Amino acid sequence: MNTITKYSASSMLIHWAMALIILSMLFLGLSMVQSLAVWQVEAIQLHKSFGVLALILVTIRLINKVLYKSPALPQSVPKAQALAAHLTQVGLYASMILMPISGWLMQSADERSVSFFGIFTLPDLVSKNIETYAFFREAHGLIAYAFLLFIFMHVSAALYHGLIKQDGVLGSMLPGKHK
């Protein structure tokens, strides 16, 4: 029987840090798509660096998930909602992995380096090829929209549990004492 009612401190820290990074990255990425503004070159470099950081953090997050048990959903959650929660979580993790990898592949296919804040540069994953670049550019954009959908579903469910059901689901990911 799973009697854990709160996520570990490390799980909470990684969750909220990634939430901040990912939302910032998605909105920055969406703003860069059609922009020719003077800030775009710097924004792209920051976007790449934070993308590498997100990939590192999701790897740490997956290791953390293996090391620390997560609280179970309350018994009052209907099976269909529990399935939707599970599928949304799978979609979020898939997006957290596929988003930076598709960006890395896209940049590799255009022979553009992906640097982590100038500390190190990732190796190219594929050879220069315009068709490969176009494929991964499109994939990167589609994954971003799917990611936004999964985030909307996740936040909506968290708010529903926290504000309406008040069943402890939201509180399990918040620091301090919560029901």
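Helices (H or I, at least four residues) and strands (E, at least two) are DSSP runs that are numbered from the N terminus. The structure discussed here is a predicted model, in which local features need pLDDT of at least 70 and side-chain atom pairs count only at pLDDT 80 or more, while totals for chains, interfaces and linings use all residues. Residues are numbered from 1 along each chain as its sequence is written, and side-chain values use heavy atoms, with hydrogens and water left out.

**Backbone and exposure**

Most residues other than glycine have a negative phi. Glutamine 166, in the segment after helix H4 (130-165), has a positive phi near 45°. Glutamate 111, in the loop between helix H3 (79-109) and strand S1 (114-116), also has a positive phi, of about 55°.

The table gives the relative accessible area of several residues. Buried means under 20%, exposed over 50%, and partly exposed in between (1.4 Å probe, protein chains only).

| Residue | Relative accessible area | Class |
|---|---|---|
| Glutamate 111 | 55% | exposed |
| Glutamine 166 | 47% | partly exposed |
| Aspartate 110 | 19% | buried |
| Arginine 112 | 37% | partly exposed |
| Isoleucine 56 | 34% | partly exposed |

**A salt bridge**

A salt bridge is a side-chain nitrogen of Lys or Arg within 4 Å of a carboxyl oxygen of Asp or Glu. The whole structure contains one. Aspartate 110 pairs with arginine 112, and their closest N and O atoms are 2.5 Å apart.

**Nonpolar cores**

A nonpolar core is a set of buried Ala, Val, Leu, Ile, Met, Phe, Trp, Tyr and Cys residues joined through side-chain atoms within 4.5 Å. The largest one has 23 residues, and Met18, Ile22, Leu26, Val58, Met96, Phe147 and Ile151 have the most contacts inside it. At least two residues of this core come from each of helix H1 (9-32), helix H2 (40-67), H3, S1 and H4. H1 gives the most, with six residues.

Contact means heavy atoms within 4.5 Å. When residues up to four places away in sequence are not counted, methionine 96 touches Met18, Ile22, Val58, Arg61 and Phe147. A second, separate core has five residues, among them Met106, Ala109, Tyr133 and Phe136.

**A nonpolar surface patch**

Patches are made of residues with over 30% relative accessible area and no salt bridge; like charges are joined within 9 Å, and nonpolar side chains (Val, Leu, Ile, Met, Phe, Trp, Tyr) within 5 Å. Leu46, Phe50, Ile56, Ile60, Phe117, Ile119 and Phe120 make a nonpolar patch of about 600 Å², with areas from the Shrake-Rupley method with a 1.4 Å probe. H2 supplies the largest share of this patch, four residues. Isoleucine 56 is found in helix H2.
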